[in-house]
Amino acid sequence: MADHPVAVLQAWDIRKTYGERVVTEVLKGIDFELASREFCALTGPSGCGKTTFLNLAGLLDRQTEGRILLDGEDVGPLSDEERTTLRGTKLGFVFQFHHLLPAFTALENVMMPLVARHGRKTPAMSDKASYLLDEVGLADRERYKVTDLSGGQQQRVAIARALVVDPMLVLADEPTGNLDTESSAQVMELLKAFNERAGTAFLIVTHEESIAAHCRRVVHMVDGVIDSDRVVV
Amino acid sequence: MPFELFVAVRYLRDQPFQTGLILSGIGVGVGVIIFLSALITGLQVSIIDRTLGSQAQVFVRPIEEAPRIHPPRGAELLATTVERPPQRVRSIDGWQEVEALLLRSPGVTGAAPTVTGPAFAVRGLGSIALSVRGIELESYRSIVDVESRLVEGNFDLAGFNVVVGTELVRQLGVSLGGRVRIQAAGDRGGVYTISGIFDYNSVTLNESLVFISLRGAQTLFGIPGGVSAIEVKGRDVFEAEALAEQIRDRTGLVAESWMEQNGDLLTGLRSQSMSSIMIQVFVILAVALGIASVLAVSVAQKAREIGILRATGTPSGSVTRIFFIQGGILGGLGSLFGIALGIVLALFFASVARNPDGSATFPVALTPLLYGRSALIAIGVGLLAAVLPAREASRLDPATAIRNG
Ligand SMILES: Nc1ncnc2c1ncn2[C@@H]1O[C@H](COP(=O)(O)OP(=O)(O)OP(=O)(O)O)[C@@H](O)[C@H]1O
Ligand SMILES: [Mg+2]
């Protein structure tokens with residue numbers, strides 16, 4: 001295995017059911033693989049299980065059946081604390097709503113995953129956060145409380161935070177969901193730039209065609225299964 | 001700055017209203033504890049001071065004479081009469097050695113031989129019952145600060161000098177330098193000159209207690225060279241009973257502590273302490289519940305943010321610590337307010353509660369020890385109160401928290 005380039009994310013026959021008495025099967029056997037450097041959209045109607053799948057891939061939840069490999073490592077047997085460490089080192093998250101910590105400044109939000117992982121704040125962390133904020137065009141907003149930023153600016157802070165740990169995979173759940181067309185396009189261009197420059201793999205959940213159009217690969221889900229998987233050349 | 005401290009402090013600062021409210025709550029609680037402790041301690045010190053201002057901590061006396069049994073004459077042992085020996089002043093055998101032994105004993109800071117007995121002050125046709133106490137001023141000083149009670153004249157017991165209380169002077173209608181005849185049993189007595197007048201803040205003592213020289217009392221009560229008691233002062237007032245016990249064992253004499261002699265007072269002091277402790281316990285409980293509920297509310301409010309922290313790699317242990325730190329900080333800061341409030345309350349009370357003559361009724365005992373103890377309690381309570389909220393926070397499932405937040 002060592003001499004083959006390993007897929008960032010591999011999911012085999014993933015099933016996820018919720019509830020104990022009334023059991024609903026939300027994911028009904030998903031097979032999915034994401035290579036490093038890939039820039040992939042995950043689309044599908046509301047309630048088809050996109051967020052559910054993203055949570056499994058992001059180690060925020062455990063599947064009912066099937067195996068998930070992250071960077072070639074089976075994450076099933078890992079303890080909660082080991083999964084937490086993996087989240088803080090290999091993954092970046094961009095959430096749709098309420099994604100930042102309102103009590104902190106933009107800079108502090110961005111550096112938070114590093115501070116949490118190492119247990120204390122260092123100047124190097126703040127330098128790195130500052131650099132990333134500059135990259136997303138918010139150099140002059142470092143000291144702002146995130147509640148004083150616009151929706152699009154907040155989402156760019158969230159992107160900077162997702163990238164601060166140098167993740168191999170960023171999972172973004174509707175990163176442009178509450179943004180206007182122009183800001184949405186800006187955010188997507190930003191993600192794409194990072195993908196091309198740093199080689200970070202992206203899995204982006206969206207239900208907007210225009211957003212999906214920014215992606216080379218578009219996976220479409222319907223009712224808990226993958227319906228189509230297209231690569232645009 | 002450590003991550004957990006950074007987050008904890010920010011969250012406290014970010015909700016100034018909540019933080020301010022609970023800090024005031026803790027402050028009031030700690031303030032009450034400080035005020036109450038200072039008050040009760042001050043009160044008790046002053047009560048004990050008043051009692052022991054006129055009395056030694058431990059009295060060492062000769063063993064009671066065994067009651068004699070008188071069988072009824074000419075009959076079988078149908079009934080017996082038990083008769084106590086007649087009351088008379090008796091001396092401790094070899095008291096000089098006993099005194100030396102006591103002075104060498106650990107925990108003893110002073111010992112004074114005294115002769116105490118009943119007598120009457122006679123003037124004209126009237127007489128007033130007295131308790132005459134013969135002392136050597138030198139040694140008696142080390143037991144009781146008797147000179148501080150003097151209001152007129154000086155404590156001169158040479159020859160036929162006597163120091164009496166304000167009430168006796170009034171009753172007899174005499175003044176400093178006046179004469180009074182003191183009459184004891186067995187037709188022994190003499191005329192004494194009043195060299196000093198004391199005020200013990202007690203009508204009874206001011207009327208009946210008089211001081212003469214040790215030698216004079218020995219003559220008056222017919223025990224030349226003897227003493228009826230050795231009075232002892234120990235290092236700690238509240239250890240007097242243990243000291244008495246130790247003296248009983250070492251000397252084989254009767255040793256009575258002030259606690260035994262003032263059973264009612266001690267019961268009073270103890271129940272006072274108990275009720276003060278009870279109040280403090282409930283105040284602490286209320287403070288703990290206050291801190292716990294504020295933290296629990298904060299966990300609920302911040303569920304989503306905790307979820308985000310967890311999702312981005314914060315270990316659950318860090319989340320636990322964040323809330324413990326908040327509890328500790330609240331307790332610590334609150335106790336600072338509380339100490340300030342307690343001092344203000346105590347000083348205000350001391351300035352209001354005054355004797356008619358304007359002197360403080362009693363001192364409020366504000367000590368660094370009290371502050372330290374209160375602060376420690378508050379911080380401990382803060383940490384304890386954080387246990388449940390912290391556990392709840394660390395158990396939050398990040399996916400659910402983010403989804404439902
Ligand atoms: N914790 C849960 N308990 C029970 N049911 C759940 C839970 N989470 C998700 N579901 C159900 O699973 C289904 C899929 O939810 P999911 O959030 O993955 O949809 P989605 O594709 O992300 O939809 P949307 O585009 O609206 O965000 C829904 O029917 C939802 O009700
Ligand atoms: Mg969703």
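Trainee: How do the residues of the shell around ligand 1 divide into nonpolar, polar and charged?
Mentor: In this predicted model, the shell splits into five polar, three nonpolar and three charged residues. On chain A you'll find, among them, A:Tyr18, A:Val26, A:Lys50 and A:Glu174, while chain B supplies B:Arg403.

Trainee: And why is the site shared between chains?
Mentor: The site counts as shared because residues from both chain A and chain B surround ligand 1. As for elements, helix α1 (residues 50-57) of chain A gives the largest share of the shell, three residues.

Trainee: Which polar side-chain atom lies 2.7 Å from an oxygen atom of ligand 1?
Mentor: For polar contacts, look for pairs of N or O atoms within 3.5 Å. The 2.7 Å pair belongs to A:Lys50, through a polar side-chain atom and a ligand oxygen. A:Cys48 uses a backbone N or O atom instead, 3.3 Å from an oxygen of ligand 1. Then there's A:Tyr18, with a side-chain N or O atom 3.4 Å from a ligand nitrogen. As for cover, ligand 1 taken alone exposes 640 Å², and the protein buries 65% of that.

Trainee: How many disulfides does the structure hold?
Mentor: A disulfide is a covalent bond between the sulfur atoms of two cysteines. Over all chains, this structure holds zero. Take A:Cys48: the nearest cysteine sulfur is that of A:Cys40, 13 Å away. A:Cys48 counts as buried because its relative accessibility is 2%, and the cut-off for buried is under 20%. A:Cys215 is in no disulfide either, with the sulfur of A:Cys40 as its nearest cysteine sulfur at 7.1 Å. A:Cys215 is buried too, at 3% relative accessible area.

Trainee: What about backbone angles: which residues have a positive phi although they are not glycine?
Mentor: One case is A:Asp223, with a phi of about 50°. A:Asp223 sits in the loop between β9 (217-222) and β10 (225-231) of chain A. Another is B:Asp187, at about 60°, in the loop that runs between β8 (179-183) and β9 (189-198) of chain B.

Trainee: Are those two exposed, partly exposed or buried?
Mentor: A:Asp223 counts as partly exposed at 48% relative accessibility, whereas B:Asp187, at 72%, counts as exposed.

Key. Residues are numbered from 1 along each chain as its sequence is written. Chains are lettered from A and ligands numbered from 1 in the order in which they are written. This is a predicted model: local features need pLDDT of at least 70, side-chain atom pairs count only at pLDDT 80 or more; totals for chains, interfaces and linings use all residues. Side-chain values use heavy atoms; hydrogens and water are left out. A residue is near a molecule or strand if one of its heavy atoms lies within 4 Å of it. A polar contact is a pair of N or O atoms within 3.5 Å; within protein, one must be able to donate a hydrogen and the other to accept it, and residues adjacent in sequence count only if both atoms are side-chain atoms. Accessible areas come from the Shrake-Rupley method with a 1.4 Å probe; for residues, only the protein chains shown count as cover. Helices (H or I, at least four residues) and strands (E, at least two) are DSSP runs, numbered from the N terminus. Ala, Val, Leu, Ile, Met, Phe, Trp, Tyr, Cys and Pro count as nonpolar, Asp, Glu, Lys and Arg as charged, and the others, Gly among them, as polar. A disulfide is a pair of cysteine sulfur atoms within 2.5 Å. Buried means under 20% relative accessible area, exposed over 50%, partly exposed in between (1.4 Å probe, protein chains only).
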